[in-house]
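Biologist: Could you take one part of this model and walk me through it slowly? I'd like to hear what sits against what.

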Amino acid sequence: MSKIIKWQYDEFFQDRRVKLINILLSEVIFLKTHLKRSELPSEKYYIREALEKLEYLLEILKNNETCLSDADFDKIVNFIYQIFQDIAKKLEK
């Protein structure tokens, strides 16, 4: 029974590191699709810059097998948020 519950609610039992990897993968895919659609050179530059940061962070998380604390998890989520906030500010100009 516990295996069924774990399978149904896998997101609740997922490791923080795995959650962050999934978040980063989805954000990288999101940015890559927008990179292909963008026509302005400045947009492409800012998106590539953000992609580099996210891909670097993704590689670090993939290569590091240790569990993350709540504080580290929050810091990384805030860092991802800051990357997207920077893109939004730069693209508004």
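Modeller: Let's start at isoleucine 80, which touches Leu20, Ile23, Leu24, Leu54 and Leu57, leaving aside residues up to four places away in sequence; contact here means heavy atoms within 4.5 Å. Keep in mind that this is a predicted model, where local features need pLDDT of at least 70, side-chain atom pairs count only at pLDDT 80 or more, and totals for chains, interfaces and linings use all residues. Residues are numbered from 1 along each chain as its sequence is written, and side-chain values use heavy atoms, with hydrogens and water left out.

Ile80 belongs to the largest nonpolar core, which has 19 residues; Leu20, Leu24, Leu31, Leu54, Leu61, Ile76 and Ile80 are the ones touching the most other members. By nonpolar core I mean a set of buried Ala, Val, Leu, Ile, Met, Phe, Trp, Tyr and Cys residues joined through side-chain atoms within 4.5 Å. Buried is under 20% relative accessible area, exposed is over 50%, and partly exposed lies in between (1.4 Å probe, protein chains only). At least two core residues come from each of H3, H4 and H5, and H4 gives the most, with 7 residues. Those helices are DSSP runs of H or I, at least four residues, numbered from the N terminus.

Now look along H3. Its 22 residues reach 32 Å from first C-alpha to last, close to the 32 Å expected at 1.5 Å a residue; that expected span is 1.5 Å times one less than the number of residues. Buried on H3 are Arg17, Leu20, Ile21, Leu24, Val28, Leu31 and Leu35. They cover an arc of only 100° around the axis, so they sit on the same side of H3; the arc is taken from the directions from the helix axis to the C-beta atoms. H4 and H5 are among what covers them, while Ile29 and Arg37 are exposed on the other side of H3.

There are also 2 aromatic pairs in the structure, meaning Phe, Tyr or Trp rings (six-membered ring for Trp) with centres within 6.5 Å: stacked if the planes are under 30 degrees apart, edge-to-face if over 60, tilted otherwise. Phenylalanine 30 and phenylalanine 84 have ring centres 6.3 Å apart and planes at 50°, so this pair is tilted. It links distant parts of the chain, with phenylalanine 30 in H3 and phenylalanine 84 in H5, 54 residues apart. Phenylalanine 30 is partly exposed at 40% relative accessibility, and phenylalanine 84 is partly exposed at 21%.
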